[in-house]
Amino acid sequence: MKSSAAKKRILILGGGFAGAYTAQHLEKRLGGMPDVEIMLVSRENFVLFTPMLHEVAGSDVEVTDIVQPLRKMLRRTRVAIADVEAIDLAKKQVRIRHSGLGHSFDFSYDQLVLALGAVTNFYRTPGLEEHALTMKTLGDAILVRNRVIDALGLADNQSDETDRKITLTVVVAGGGFAGVETAGAVNDLLREAMKFYPNLKEGMSRVVVVHPGEVILPELSESLGRYAEKRLGKRGVEIRLKTKVAGYNGEEVVLDDGTKISTRMLIWTAGITPPPLLSSLPCAIQRGRVVANDCLQVPDWPGVWALGDCALVPDPLNPGKFYPPTAQHAIRQAAVLASNIAAAMRGQAPEPFKFKIIGLLATIGRRHGVAEIFGWQFSGYIAWLLWRTIYLGKLPGLQKKVRIAIDWTLDLIFSKDLVQLPTLRSPTMSEAEQSSTESARQSGSAATDIRNSH
């Protein structure tokens, strides 16, 4: 579908923070221009607020409260829910496909924004792709929650105490933000839910964090990492530093130091990589990511821009280094990129992206957290309260803010919800219709049985 001669199309690939916020800023700058069409292609019809993903896994908030529908967020953007099959920079054309349709569609563009995010990387570790859980999408968080609740029910019905402990053992690979927050949330869910299972008692569950570095949460200062390690240890979480997962067969995790941990649940948070589709592009690629300049342009390809997790954007404040793939950077890159696209369409020069990180926050379970904001360090309850206050403010959509606030209030008063969320179709059957004679006979037999019972 070619863009008409009267309209110029800005095509955004990716509906995460980078893509959705770029479209939102473009609406503000170009939404009133009838000769411009903004189009966004996304696999999901929502923006996922990833900082709260672990709260879904830990049953702290409702599943849909951390997602904002794209069509509610973007009122003047054409939203297409589909997979990107191919990108032809030379022809200025992108091929997309929806699984429910029989063929693909080609869309031309005048400006192209690459915001395809990243996918989980297992680094070819044996058994992980077949058996490990991940924490990247909403579906991942739902699956982790279901598996934890299922493990509680299974262990409650097992007679052997060793089997129970294996069932209630969870290994989390990766000691960054995702890994530490997931471990804290899962540990809280296991411990707080045990009182509802008569055959389980405190001390049966085990949560292990495996991290290759010398301290967890390496993005923060060492002192905050040590505090988080100590606090998690008090809550029963084991931290194994300078160690990597070497393999997993669904029953046993093997570490690179030879240690073996029997478990039915390994949650992998130790690595991401850009989507493989980008590697086929003719532009400069490093470490799988599209190389962009300081104005978020893709060099040698006019009208092509890149940002977010899939882009390497140079950091002028740290020469020779690139901005990290975080939501904080993606949101701010989106605002600058929208301004630059608007400027380019008016024949004006773009502006470079410059941003110094404001702060970093993490929750570590049981209403405790760690934070570093404008160089100030916080820990404990204050950091946890800061985390909730700041991220509640950043959550897109007033409706979602209210719902999360209600979820958190209820979480302070009541115990965690232990409902497993069904994701499969209910049982069905198909049989031939009974004949009228047989139906009458069965009805008559039932009536006789009722009379005889009296």
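Student: Let's start with His211. Buried or exposed?
Tutor: His211 is buried, with a relative accessible area of 7%. Buried means under 20% relative accessible area, exposed means over 50%, and partly exposed is in between, using a 1.4 Å probe and protein chains only. Before going on: this is a predicted model, where local features need pLDDT of at least 70 and side-chain atom pairs count only at pLDDT 80 or more, while totals for chains, interfaces and linings use all residues. Residues are numbered from 1 along each chain as its sequence is written, and side-chain values use heavy atoms, with hydrogens and water left out.

Student: Where does His211 lie?
Tutor: His211 is in the loop between β13 and α8 (222-234). The names come from DSSP runs numbered from the N terminus: helices are H or I with at least four residues, strands are E with at least two.

Student: Which residues does His211 touch?
Tutor: Leaving out residues up to four places away in sequence, His211 touches Gly174, Gly175, Gly176, Ile216, Pro218, Arg240, Leu241, Lys242 and Thr243. Contact here means heavy atoms within 4.5 Å.

Student: And β13, how many of its residues are buried?
Tutor: Strand β13 (residues 206-210) is mostly covered, with 4 of its 5 residues buried. Strand β12 (residues 169-173) pairs with β13 in the parallel sense over 5 bridges. Two strands count as paired if DSSP finds at least two bridges between them.

Student: Which residue stands opposite Val172?
Tutor: Val209 in β13 stands opposite Val172.

Student: What holds strands of a sheet together in general?
Tutor: Strands of a sheet pair through backbone hydrogen bonds, either parallel or antiparallel.

Student: OK, what about the sheet with β20, what is its strand order?
Tutor: That is an open sheet of 3 strands in the order β20-β21-β23, with mixed pairing. β20 (285-286) and β23 (311-312) stand at the edges, each with a single partner strand, so one side of each has no neighbour in the sheet.

Student: How many bridges join β21 to β23?
Tutor: 2 bridges join strand β21 (residues 289-291) to β23, and the two run parallel. Leu312 in β23 is the bridge partner of Val291.

Student: Change of topic: Thr167. Which helix is that in?
Tutor: Thr167 is in helix α6 (residues 161-167). Thr167 counts as buried because its relative accessibility is 4%.

Student: Now salt bridges. How many are there?
Tutor: The structure holds 12 salt bridges. A salt bridge is a side-chain nitrogen of Lys or Arg within 4 Å of a carboxyl oxygen of Asp or Glu. One of them is between Arg9 and Glu37, where the closest N and O atoms are 2.6 Å apart. This pair links distant parts of the chain, with Arg9 in strand β1 (residues 8-13) and Glu37 in strand β2 (residues 36-42), 28 residues apart.

Student: Are those two buried or exposed?
Tutor: Arg9 is buried, and Glu37 is buried too.

Student: What about Arg235, which residue does it meet in a salt bridge?
Tutor: The side chain of Arg235 meets that of Asp188 at 2.8 Å, N to O. Arg235 is in the loop between α8 and β14 (237-240) and Asp188 is in helix α7 (residues 177-193), 47 residues apart. Arg235 is buried at 17% relative accessible area, and Asp188 counts as buried at 9%.

Student: And Arg366?
Tutor: The side chains of Arg366 and Glu192 meet in a salt bridge of 3.2 Å, N to O. Arg366 lies in the loop between β24 (359-365) and β25 (368-373) and Glu192 in helix α7, so the pair ties together parts 174 residues apart in sequence. Arg366 counts as partly exposed at 38% relative accessibility, and Glu192 counts as partly exposed at 26%.
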